[in-house]
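Please look over the sequence and the structure first.

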Amino acid sequence: MIYILAALLPPLGLLVNGQPISALINLIMIVPCILLGLIFPLLFLVPSAHAVIAVHMKRTDRRQREVLEAIQRTGVPPADWRP
């Protein structure tokens, strides 16, 4: 759901995801992209792409942090262990 919000309303999606600085950068990025998007229509997608990539990176960092914390709590699995 956050990806849809980031694609349709990029600054709001970044704010909801807890990235206020990225949201501000995205808001600043929207102005030139709208103006230049009239000449190069592909530039309309740049703020949305930035927001979706930033949301994905933040979620990946959270997931990695959770895995590392779980490993620190329980310890490293034995060498002969296979999933």
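Q: Could we start with burial: what percentage of the 83 residues of the protein count as buried?

A: Buried means under 20% relative accessible area, exposed means over 50%, and partly exposed lies in between, using a 1.4 Å probe and protein chains only. Here, 22% of the 83 residues count as buried. Please keep in mind that this is a predicted model, where local features need pLDDT of at least 70, side-chain atom pairs count only at pLDDT 80 or more, and totals for chains, interfaces and linings use all residues. Residues are numbered from 1 along each chain as its sequence is written, and side-chain values use heavy atoms, with hydrogens and water left out.

Q: How many helices and strands are there in the protein?

A: Both are DSSP runs numbered from the N terminus: helices are H or I with at least four residues, strands are E with at least two. This protein has 4 helices and 0 strands, giving the pattern α-α-α-α along the sequence. Its radius of gyration is 18 Å, well over the 12 Å of the globule rule for 83 residues, so the protein is more spread out than a compact globule. That radius is taken over C-alpha atoms, and the rule is 2.2 Å times the number of residues to the power 0.38. Along the principal axes, the C-alpha trace spans about 60 × 25 × 20 Å.

Q: Which residues make up the largest nonpolar core?

A: A nonpolar core is a set of buried Ala, Val, Leu, Ile, Met, Phe, Trp, Tyr and Cys residues joined through side-chain atoms within 4.5 Å. In this model the largest one has 7 residues: Ile-2, Ala-6, Leu-14, Ala-23, Ala-51, Ala-54 and Val-55. Helix H1 (2-8) and helix H4 (46-74) are the elements that give two or more residues to this core, and H4 supplies the largest share, 3 residues.

Q: What does Ala-6 touch, leaving out residues up to four places away in sequence?

A: Contact means heavy atoms within 4.5 Å. With those neighbours left out, Ala-6 touches Gly-13, Ser-48, Ala-51, Val-52 and Val-55. Across the protein, residues 24 or more positions apart account for 50% of the contacts with a separation of 6 or more.

Q: Is Asn-26 buried or exposed?

A: Asn-26, in helix H3 (residues 20-37), is buried, with a relative accessible area of 0%. Beyond residues up to four places away in sequence, Asn-26 touches Pro-10, Pro-11, Leu-14, Pro-47, His-50 and Ala-51. Ile-25 is also in H3, but counts as partly exposed at 44% relative accessibility.

Q: And how far apart in space are Arg-65 and Phe-40, C-alpha to C-alpha?

A: They are 39 Å apart in space and 25 residues apart in sequence. Ile-25 and Ala-51, by contrast, are 26 residues apart in sequence and 10.0 Å apart in space, C-alpha to C-alpha. Arg-65 sits in helix H4 and is partly exposed, with a relative accessible area of 45%.
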